[in-house]
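Reader: I am new to this structure and would like to learn how to read it. Please show it to me and take the features one at a time.

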Amino acid sequence: MKERIVLLGPPASGKGTQAEMIRAKFGIETPSVGAILREQQAAGTPLGLEAAAWTDAGRLVPDALIVEVARAWLDERNGAFVFDGFPRTRGQAEAFDHLLNNRHTPLQIALSLDVDVATIEDRVRRRLACERCGCIVSIGLHVASADAVCPRCGGKLVRRADDTPETLRRRMVEYREKSEPLIEFYAGRGLLHRIAADAAPEAVFGEIAAALLG
Ligand code: AMP
């Protein structure tokens, strides 16, 4: 069973959803750097405020800040993880390799969630985040309408600040320029496993579970 995992993929490719399903089925913790940054922003910490200048504009946060978030997370844990949305640049991937090699716990698999642009746009239009617990839900899948409350904690559901059409365009440019090259990077290391991620979450998860157990 693989238990040191990263999830790659464009915005709204289902990384958060699949990370949560992996956690529920296999009990592996699923840090999301984006969610950690949103929590820090809501709490008004220096890290959160600095990161918000980038996230709200749909830009990637500088590598040094992100690698520190990942390092701090790893320092407090036992070594099993599914990183959702990290690494997103070659610099992060190399720093992450270094962190893991120093701990003698190398990465075991990089799952790339492949989706087309129409699916991404549709999912972003339907996506809401809970103000209280941070969970992400989709209108039509987890809740009936934008007025619903969080199905997990009853908190208020709001649109993410970076889920506007304009910011999504910027995030796609960032993805293609900086994150997509990681597919080649991990293929070169023999760690890449591509997943067709346009299907329903359960079908995508079936493929992921087979890859993790295989
Ligand atoms: P996410 O929740 O994964 O969609 O991330 C939301 C935003 O947080 C991204 O658009 C970036 O601005 C920032 N972010 C999250 N993860 C990273 C990362 N690995 N590198 C740089 N910025 C990130």
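Author: What follows goes through the ligand site, the nonpolar cores and a few single residues. The model is predicted.

Reader: How many residues surround the ligand, and which are the closest?

Author: The shell around the ligand has 16 residues, and the closest are R38, R59, R88, Q92 and R160.

Reader: Which polar side-chain or backbone atoms lie by the ligand's oxygen and nitrogen atoms?

Author: A polar contact is a pair of N or O atoms within 3.5 Å. On the side-chain part, an N or O atom of R160 is 2.9 Å from an oxygen atom of the ligand, and a polar atom of R171 lies 3.4 Å from an oxygen atom of the ligand. V61 takes part through its backbone: a polar atom there is 3.0 Å from a nitrogen atom of the ligand. As for cover, the ligand taken alone exposes 480 Å², and the protein buries 95% of that.

Reader: What should I look for in the nonpolar part of the protein?

Author: In soluble globular proteins, nonpolar side chains tend to be buried together. Here the largest nonpolar core has 26 residues, and those with the most contacts inside it are V6, L74, F81, F83, F96, L107 and Y186. Two or more residues each come from β1 (4-8), α2, α4 (63-75), β2 (81-84), α5 (90-102) and α8 (181-188). Helix α4 gives the most to this core, with 7 residues.

Reader: What does L74 touch, leaving out residues up to four places away in sequence?

Author: L74 touches F81, F83, F96, L99, L100 and R103. There is also a second, separate core of 24 residues, which includes L113, M172, I195 and F205.

Reader: Is V82 buried or exposed?

Author: The general idea is a cut-off: a residue is buried when its relative accessible area is under 20%. V82 has a relative accessible area of 0%, so V82 is buried. This residue is in strand β2. Beyond four places in sequence, V82 touches I5, L7, A19, I22, I28, E29, T30 and P31.

Reader: How far apart are V82 and A110 in sequence and in space?

Author: V82 and A110 are 28 residues apart in sequence, and their C-alpha atoms are 9.5 Å apart in space.

Reader: Where is T89 found, and is T89 buried or exposed?

Author: T89 is found in the loop between β2 and α5. Its relative accessibility is 10%, and therefore T89 counts as buried. A polar atom of the T89 side chain lies 3.0 Å from the backbone nitrogen of Q92. Q92 is also one of the residues closest to the ligand. Apart from neighbours within four places in sequence, T89 is in contact with L60, D63, K178 and L182.

Reader: What joins the side chains of S138 and R126?

Author: A polar contact of 3.3 Å joins them. S138 is in strand β5, residues 136-138. With a relative accessible area of 12%, S138 is under the cut-off and so is buried. Not counting residues up to four places away in sequence, S138 touches R126 and V143.

Methods: Residues are numbered from 1 along each chain as its sequence is written. This is a predicted model: local features need pLDDT of at least 70, side-chain atom pairs count only at pLDDT 80 or more; totals for chains, interfaces and linings use all residues. Side-chain values use heavy atoms; hydrogens and water are left out. A residue is near a molecule or strand if one of its heavy atoms lies within 4 Å of it. A polar contact is a pair of N or O atoms within 3.5 Å; within protein, one must be able to donate a hydrogen and the other to accept it, and residues adjacent in sequence count only if both atoms are side-chain atoms. Accessible areas come from the Shrake-Rupley method with a 1.4 Å probe; for residues, only the protein chains shown count as cover. A nonpolar core is a set of buried Ala, Val, Leu, Ile, Met, Phe, Trp, Tyr and Cys residues joined through side-chain atoms within 4.5 Å. Buried means under 20% relative accessible area, exposed over 50%, partly exposed in between (1.4 Å probe, protein chains only). Helices (H or I, at least four residues) and strands (E, at least two) are DSSP runs, numbered from the N terminus. Contact means heavy atoms within 4.5 Å.
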